[in-house]
Amino acid sequence: MRAETDPSGGGAQPDDWFASAKKIYPMAVHGTFRKIKWAVLFVTLGIYYFLPFVRWDRGPDAPSQAVLVDLEGRRAYFFFIEIWPQEVYYLTGLLIIAAMVLFLMNAVAGRVWCGYLCPQTVWTDLFLWVERHTEGDRRERMRLEHEPWTLKKITQKISKHTLWLMIAWWTGGAWVLYFADAPTLVMDLATGQAAFAAYLWIGILTFTTYALAGHMREQVCIFLCPWPRIQAALTDEEALNVTYRYDRGEPRGSLKQNLKREAEGLPAGDCVDCHQCFHACPTGVDIRNGTQLGCIQCGLCIDACDAVMDKVGKPRGLIAYDTDDNILRRMEGKETFVRIVRPRTVIYAALIVIVGLVMAYALYTRDFEGVNVLHDRNPIYVELSDGAVRNGYTIRLLNKRPLARDFILSVEGMPEGTRIEAIGIEEEVNGKPVVAVGPDTTREIRVLVFSPADAEMPKSTPITFRITETVMGDIATGSDFFKAP
């Protein structure tokens, strides 16, 4: 909300700094952009609410939920992808891609993310739909607000807030379903057997959804969200924004006034000053005043204006996605153009592709087994009576597959005749210990390596421990050193 200024030039008055925000009553509109917003709402909320119930077969003893963050098992699952805690770099890659996509969207069409895909916008749209169906459209809601409390008004208010709370409750409930098996958790929640944390998070998210989408609405976009400020710094003159084409709309006036001016040979704009664009805006912005911080680029004012232009027999597009440069070019009689492909957008798109390919390559080539080696510190080595030298190691084997696997342990880089012994491991293949590792787990073993008695060993010899899976032949290695006198 913009503060009034002192005509004497003294700036905003202190009383205006603390003025309460005026309540906004967005009008229902119909048109292309409203249809796009409905489609985005149904798709995004459909995915959010029902994705936890999608099943995915990962074999026996593995979670069957397609998308799951298993905190207890320290895993994250996304269909055929399984992420371990040490693979947090995938999350970093996703965040980089998300940032670049946001920057690319901004470079192409300003705050189009805010207008169509932002969760605050999507849930606010849904809450406004409920409000219209319980209390009526803009005029009915404004009138209802000032009417005395009657049984009808109480019923409408209770109906609206009940539906809001139900949506908010299911929003919180759907969120916790991503952290446990959804059907099981639903039954536990219904019977009161779920963990306290589940009820706590449902309560928190129910409250925040109800407050943000039902009551704070545009104030979140204008005052709480940092993206409008960041977007303003990232945008350029060639980004498309919802724009009032003042070259065509001014001078504005009522339809009767404009017709009279035309009859008198005076300039008259196409804007009939009906305020429908302002009434349709969910953040209370009058787009005719130019680009503003509160505009979320949702395009609803375009639909509202196009409907009015149809009624008065004027061409559509008085408000449209455009640039200020194009307006100036039209005023100078020059040809307008839209340049989406330019260095800024190419760089963003290239970064998205590069990071995506790196992540895909890492996923495709990653190992499902691993070996970590830790050399004994005290003693570093032991000289035996027969002249041999012994080094001790603690070795941890990782099995990332959901089934038990056997690994043959060998050592490379040592002279012929080297002997390897795994404490507590009796099974061997050609003198090499065979270590069994359970499904989706790790196993730590104590390993002793003996050099040949007659071998002349340097003080430090680089060696490699190799594990080879007995069925599929998968291999993993870990490096260290063999110490000698």
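This passage walks through the fold of one protein chain, from its overall outline down to a few single residues.

The model is a predicted one, so to read it, local features need pLDDT of at least 70 and side-chain atom pairs count only at pLDDT 80 or more, while totals for chains, interfaces and linings use all residues. Residues are numbered from 1 along each chain as its sequence is written, and side-chain values use heavy atoms, with hydrogens and water left out.

Taken as a whole, the protein chain holds 17 helices and 17 strands; these are DSSP runs numbered from the N terminus, with helices being H or I of at least four residues and strands being E of at least two. The radius of gyration is 33 Å, well over the 23 Å that the globule rule gives for 485 residues, so the chain is more spread out than a compact globule. Here the radius is taken over C-alpha atoms, and the rule is 2.2 Å times the number of residues to the power 0.38. Along its principal axes, the C-alpha trace spans about 115 × 60 × 45 Å.

Buried residues account for 41% of the 485 in the chain, where buried means under 20% relative accessible area, exposed over 50%, and partly exposed in between (1.4 Å probe, protein chains only). The chain exposes about 27,000 Å², and carbon and sulfur atoms supply 62% of that; the areas come from the Shrake-Rupley method with a 1.4 Å probe, and for residues only the protein chains shown count as cover. As for contacts (heavy atoms within 4.5 Å), 68% of those between residues at least 6 apart in sequence join residues at least 24 apart. On the charge side, there are 52 positive and 57 negative side chains, and the centres of the two sets lie 9 Å apart. Lys and Arg count as positive and Asp and Glu as negative, with His and the chain ends not counted; each charge is placed at NZ of Lys, CZ of Arg, CG of Asp or CD of Glu.

Next, the strands. Five of them form an open sheet in the order β13-β14-β11-β16-β17, with antiparallel pairing. Its edges are β13 (428-429) and β17 (475-483), each of which pairs on one side only. Two strands are said to pair if DSSP finds at least two bridges between them; β16 (residues 460-469) and the antiparallel β17 are joined by nine. Within that pairing, T461 has F482 of β17 as its bridge partner.

Another antiparallel pair is β12 with β15 (residues 441-450), held over four bridges, and I420 stands opposite V449 in β15. In a regular strand, side chains alternate between the two faces of the sheet. Strand β12 (residues 419-422) has I420 and A422 on a covered face, with R419 and E421 on an uncovered one.

Finally, some loops have backbone details to look at. A cis peptide bond links E250 to P251, with omega about -5 degrees, and P251 sits in the loop between α12 (246-249) and α13 (255-263). Another cis bond, also with omega about -5 degrees, joins N378 and P379; P379 is in the loop between β8 (369-375) and β9 (382-383).

D273 counts as partly exposed because its relative accessibility is 30%. H275 is partly exposed too, with a relative accessible area of 32%.
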